[in-house]
Amino acid sequence: MTEADLKLLVQASVLEAMAPRPRRALVLFTGGLLGFEDAVESLRRLAATGVSLDYVQTPSAENVLDQTLIAGLGMQEVSRRMVAEHDMLIAPTLTANIAGKVAHGIADCKASNLFSEFIMANRLVVASRTAICPDGAAKQSWFPEMPSGYADLLRANLRALASFGVRLPEARFLCRTALAAWDRRDGARRAPFTAAFGTSVAGLARSIGLTLVDGDGRPEPKAVAGDGRRHPGPAVVACAQPLVSQQVVQQVPRGVELRVASRALVTAAARDAAAARSIRISREV
């Protein structure tokens, strides 16, 4: 291996470490009705940013919540690998029952078990406090004469969840809270590399040969004849690095051709990510 090859491998590894990871969340619906419509709208906005959302429901949620609204979000219902395949848990309709269980370390049902596993694995957890918080307008509108002792109990449970690292916005702020949590996590992961190399992901990408070119290798979009005018053709992203990972594919625009070196190693995860984003991987001749 030459010095140039070694440098390229180091740069590729740094780029992979700094690149944003795919964002995939498990949405856990429990039976909290307050704030449900705001939560659905927040989830719709979150999905529009490109986040992959899967969901699971408790029996209470199936009986209480509008299933038409949930189905309209286009999420995938899952029942296996709920913790392993998701880096965030979102509870848009958290109930006082589940909050109380988790706050006291009780994990005796699907919902409380999922909460406990995400918390103990130090994964991101975002939960709506709208259906629980005694100081919120929604809760006060339903229970204006709640005894102070009971209100204190609900507040204490929310404080316990917050001490575990659970983020507790109102239902209408779920989207921005989730995105901020991911940004904070990614920023913390990139910080050591940024301090060491003093460059951005985009700068590193350019330094290792990620260049947008056309199908003929020119730096501008290809123009093709048809009706006498010139039209942009499909773009090709040329990647010179010897290892093409999932993180590299995530940096490439959807629907393009990713042209890699003839002897480059393309990981299985990279091929899966390319297929999911309609990216065709080709090799230099």
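I looked up Ser112 and found it in helix α6, residues 110–120; helices are DSSP runs of H or I with at least four residues, strands are runs of E with at least two, and both are numbered from the N terminus. The model is predicted, so I kept in mind that local features need pLDDT of at least 70 and side-chain atom pairs pLDDT 80 or more, while totals for chains, interfaces and linings use all residues. Residues are numbered from 1 along each chain as its sequence is written, and side-chain values use heavy atoms, with hydrogens and water left out.

Is Ser112 buried or exposed? Ser112 counts as buried because its relative accessibility is 0% (buried is under 20% relative accessible area, exposed over 50%, partly exposed in between; 1.4 Å probe, protein chains only). Its side chain reaches the backbone nitrogen of Asp108 at 3.1 Å. Leaving aside neighbours within four places in sequence, I listed Ile98, Lys101, Val102, Ile106 and Ala107 as contacts of Ser112 (heavy atoms within 4.5 Å).

**Helix α8**

Ala151, Leu154, Asn157, Leu158, Ala160 and Leu161 are buried in α8. The buried residues of α8 pack against α5 (96–103) and α7 (137–142). Just after α8, Gly165 has a positive phi of about 100 degrees.

**Chain totals**

I noted 12 helices and 13 strands in the protein chain. Of its 285 residues, 43% are buried.

Conventions: A polar contact is a pair of N or O atoms within 3.5 Å; within protein, one must be able to donate a hydrogen and the other to accept it, and residues adjacent in sequence count only if both atoms are side-chain atoms.
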